[in-house]
Amino acid sequence: MQAVHNEAAAAAGGVGTVVPDEIMQKVAEHKGCGTSGGSGKASCGSSAGENDLPAEIWDKVKNHPCYSEEAHHHYARMHVAVAPACNIQCNYCNRKYDCANESRPGVVSEKLTPEQAAKKVLAVASTIPQMTVLGIAGPGDPLANPEKTFKTFELIAKTAPDIKLCVSTNGLSLPDHVDRLSQYNIDHVTITINMIDPEIGAKIYPWIYYNKKRYTGVEAAKILTDRQLQGLEMLTARGILSKINSVMIPGINDQHLVEVNRAVKFRGAFLHNIMPLISAPEHGTVFGLTGQRGPTAQELKALQDQCEEGQMNMMRHCRQCRADAVGLLGEDRSAEFTTEKIEAMEVTYDLETRKAYQAAVEQERQAVVAAKKEEMQSLAGAQSDIKMLIAVATKGGGKVNEHFGHATEFQIYELSTTGAKFVGHRRVDLYCQGGYGEEDALQTVIRAINDCHAVFVAKIGGCPKGDLKAAGIDPVDQYANEFIEQSAIAYFKDYLDKVTAGEIEHVERGDAQIRQGALIAA
Amino acid sequence: MAYKIVEENCTGCCACEPECPNQAISETKNGLFIIEPAKCTECLGHYDEPQCVAVCPIDLTCIIDDDYPRYEAA
């Protein structure tokens, strides 16, 4: 029956038809994002704060670590792996392996039934009160497993009504499920869209399974892109926020993603997340085996900047986490919550404690915003074209509070006279067993943040300090436990003053490497 | 007269189970999937291609079981 429905929808011209401008403009405005340029960026987005967004939108995204850059320092998410089946094959995905030390989408350690998933969510929510978001992201495609996905949402909505529900899909089945998504009060949907040109799609997707048939090549990619865009339009029309994920594959879709960006923005997408391809031979993916490389840090940032200039909000804090990840972005506590451990746990879901904790987080968050605002005044009137990147070691809370040697990732901020802007993160953790010895550890870190002028840390030893300086990166520990943006702006002000006084000469930095390895739980 | 699932290749993703028009596929105790040969019709009369083969993410995992003669529609 479903097959008939799909065909009927396609025949009715619902797929890939051009939507009149005024309708899309209206729905986009409803979602807080103007589709036309105008002055400044549309009033929504990953880095947008409370005052930049319509109240209803702000309310939806403010505690969502994947939709709000600001929120990701304070709020945690979890994924439950209830959806193992998939309906398409991607050249960057291999469903066969699960190395326990691996971290990439499509990989999980154990699959869960909806009942097990609901119990896990309660256990995690009781242990980690800042966990506000539950996502179903696979390891296959959630909408290729609709019964399991919706059953899970139903159970969680009953027992933990304060948790936001979201879903991440390849979009092939999305048009069939949009109505059900809105029934379950799911107001965040992520669609992975890597192309709108089927010729390019054929290089990314070897096949899709649609209407009881396996399609390959350009024909498969054509169906996929039509269904994705149709699904996005349907979400927009229903006021459901949508984020678009795109995998940047140099030489295949890198420049094309600018067109993708335009197409999804036009159809009302709220946020665009361009992620670097993860590709290594040991993953056993097609791209891994053919030696397809991922982008460098500079290539990724240049593309993100280019899309942002087109008035689209870019997400730059995505950690490309596993379909069973638990915790703040950048950490994975899933090993604490295996089915076995959960069975042994006494779980009491205390909504009041969660609320109290979240109120405290909210206070801390306001303090970060206030500190940033105050520091910005010191930059008022400063004139300079200098832009520079800094790397920050943080454990969360928006503070410089991690030791250099303990950092598993650095957050990257771009400093200019307009302030400190979060532009990404770099992982520096160990890959699998003993990926590198003590000797190279520092070199690995330097390669990862080589495009930065300084690294902000809570503490750093004498040896690495010297090596960083030799590499041209200023090790800064004077802002230990202070707010990141406030410190960064103060540092930048000081830097500009020194340049003006002729004490230092500003030089551009080189490129940096994006680590292909895995994020492992400590 | 049947397809079988190569155990070493099966990832237990369950994509095949709901697609089978004969309800011939079920989950084993260890989370993988098997085809009951007596129920399998190779999708003849239902679809142009065997559904388990079409949906399986791993090549050469749903294959013809040579222990049985090919299925012939009645």
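How many residues does the contact take from chain B, and how many from chain A? Good morning, colleagues. The structure I present today is a predicted model. In this model, chain B brings 13 residues to the contact, and chain A brings 12 residues. On the side of chain B that touches chain A, 8 residues are nonpolar, 3 are polar and 2 are charged.

Let me turn to confidence. For the complex, the predictor gives an ipTM of 0.90 together with a pTM of 0.81. Chain B has an average pLDDT of 90, and 93% of its residues score at least 70. Within chain B, helix 2, residues 51–55, has the highest confidence, at 96. The lowest is found in strand 4 of chain B, residues 62–64, with a mean of 94.

I now move to chain A, and to one sheet in particular. This is an open sheet of 5 strands with mixed pairing, and its order is 14-13-12-15-16. Which strands stand at the edges? They are strand 14, residues 419–427, and strand 16, residues 474–476, of chain A. Each has a single partner strand, so one side of each is left without a neighbour in the sheet. On average, neighbouring strands of this sheet are turned by 25° against each other, direction ignored.

Finally, I would draw your attention to one pairing inside this sheet. As for individual positions, Ile390(A) has Ala454(A), in strand 15 of chain A, standing opposite. Thank you for your attention.

Notes:
Residues are numbered from 1 along each chain as its sequence is written. Chains are lettered from A and ligands numbered from 1 in the order in which they are written. This is a predicted model: local features need pLDDT of at least 70, side-chain atom pairs count only at pLDDT 80 or more; totals for chains, interfaces and linings use all residues. Two residues are in contact if their C-beta atoms, placed from the backbone, lie within 7 Å. Ala, Val, Leu, Ile, Met, Phe, Trp, Tyr, Cys and Pro count as nonpolar, Asp, Glu, Lys and Arg as charged, and the others, Gly among them, as polar. pLDDT is the predictor's confidence in each residue, from 0 to 100. Helices (H or I, at least four residues) and strands (E, at least two) are DSSP runs, numbered from the N terminus. Two strands pair if DSSP finds at least two bridges between them. Axes are lines fitted to C-alpha atoms, for helices over the stretch in contact, and angles run from 0 to 180 degrees between N-to-C directions.
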